[in-house]
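Please keep the sequence and the structure in view while reading this report. It takes up the surroundings of the ligands and then the packing of helices.

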Amino acid sequence: MTNEIQSIFNRIAPVYDQLNDWLSLGQHRIWKEMAVKWSAAKPGDTALDLCCGSGDLALRLARRVGATGKVYGVDFSANLLEKAKERSQKQYPQPALALPAVGIAWVEADVLNLPFDDNQFDAATMGYGLRNVKDISRSLQELYRVLKPGAKAAILDFHRPSNPQLRAFQQLYLDGFVVPVANYLGLKEEYAYISPSLDRFPIGKEQIELAHQVGFAVATHYPIVNGMMGVLVLSKLGAIS
Ligand SMILES: C/C(=C\Cc1cc(O)c2ccccc2c1O)CCC[C@H](C)CCC[C@H](C)CCCC(C)C
Ligand SMILES: C[S@@+](CC[C@H](N)C(=O)[O-])C[C@H]1O[C@@H](n2cnc3c(N)ncnc32)[C@H](O)[C@@H]1O
């Protein structure tokens, strides 16, 4: 059964990538590269991108792990996953009979119930997903379960700056620029959803607390874009030898 969040992302799929470029003035690419770097993914790794949407972060991870690595992109929006498949075929065209040379698998699933065994992944990313899941703790628990001991994850999302002027600017940017541009494309309700979702999203130190509660040994939140965005970097303790 399709839930409300799934429907929002299925509806915005046709314009999602174009709007991310317009609305962030291209800056989302830099923020995503920071997340990939902080995930510490390296050549040959098996990496996971949760809530992969149209695949932007997963494709960046794929470049990082290289031809000897493998990336799994997971999302529950069939329409955004379709975009991800189109993008990966465009970036890595495959001759008709060749075996897959680039290891990206697109998986349609709920990140609250990951279809993977325990201790599978060397690194993980999640971009603008944590704020949208129904149960943040459960999502972190699932992430913890599938990471190998010693692995890292980097979670990029909006953040509320503590400075009142910056918070006011952020609100103005969302209400006065993002929503009107989306409205022009008939997607006002969908983009108006960002602001209340940000209001109820735990701030950095609360995210750290939730991560510790599910078992992450190290959790650090890095505010970026003057605290309007943030990256939560998590480490699962390595095996004791
Ligand atoms: C990748 C970006 C946004 C992802 C995104 C997340 C969501 O939760 C959504 C929910 C519903 C619809 C769409 C989305 C969605 O696209 C990129 C960021 C785009 C932002 C709208 C830009 C906001 C920027 C900061 C508030 C201010 C930055 C100012 C700077 C000068 C660019
Ligand atoms: C804002 S988009 C981010 C897409 C991509 N990571 C990016 O940075 O462009 C949020 C994504 O989270 C997905 N999502 C939200 N809750 C989910 C869940 N429980 N399971 C799987 N995907 C989920 C949505 O379908 C959507 O593609």
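## Surroundings of ligand 1

A residue is near a molecule if its C-beta atom, placed from the backbone, lies within 6 Å of it. In this predicted model, 21 residues surround ligand 1, and the closest are Asn20, Leu23, Ser24, His28 and Tyr128. The shell divides into 13 nonpolar, 6 polar and 2 charged residues, where Ala, Val, Leu, Ile, Met, Phe, Trp, Tyr, Cys and Pro count as nonpolar, Asp, Glu, Lys and Arg as charged, and the others, Gly among them, as polar.

Helices are DSSP runs (H or I, at least four residues), numbered from the N terminus. At least two residues of the shell around ligand 1 come from each of α1, α2 (16-23), α7 (164-184) and α8 (188-192), and the largest share, 4 residues, is that of α7.

## Packing of α3 with α4

Helix α3 (residues 28-38) packs with α4 at an angle of about 50°, their axes lying 10 Å apart; axes are lines fitted to C-alpha atoms, for helices over the stretch in contact, and angles run from 0 to 180 degrees between N-to-C directions. The two helices α3 and α4 are therefore oblique to each other, since angles under 35 degrees count as roughly parallel, over 145 as roughly antiparallel, 65 to 115 as roughly perpendicular and the rest as oblique.

Lys32, Glu33, Ala35 and Val36 of α3 meet Asp56, Leu57, Arg60, Leu61 and Arg64 of α4, contact requiring C-beta atoms, placed from the backbone, within 7 Å. The contact of α3 with α4 has 4 nonpolar, no polar and 5 charged residues.

## Packing of α6 with α10

Helix α6 (residues 136-146) and helix α10 (residues 204-214) also pack at an angle of about 50°, with their axes 9 Å apart, which makes α6 oblique to α10. Ile136, Ser137, Leu140, Gln141 and Tyr144 of α6 make the contact with Leu210, Ala211, Gln213 and Val214 of α10. By class, this contact of α6 with α10 has 6 nonpolar, 3 polar and no charged residues.

## Confidence and conventions

The protein averages a pLDDT (the predictor's confidence in each residue, from 0 to 100) of 95, and 95% of the residues score at least 70. The model scores ipTM 0.97 and pTM 0.96.

Residues are numbered from 1 along each chain as its sequence is written, while chains are lettered from A and ligands numbered from 1 in the order in which they are written. As this is a predicted model, local features need pLDDT of at least 70 and side-chain atom pairs count only at pLDDT 80 or more, whereas totals for chains, interfaces and linings use all residues.

Key
Contact = placed C-beta atoms within 7 Å.
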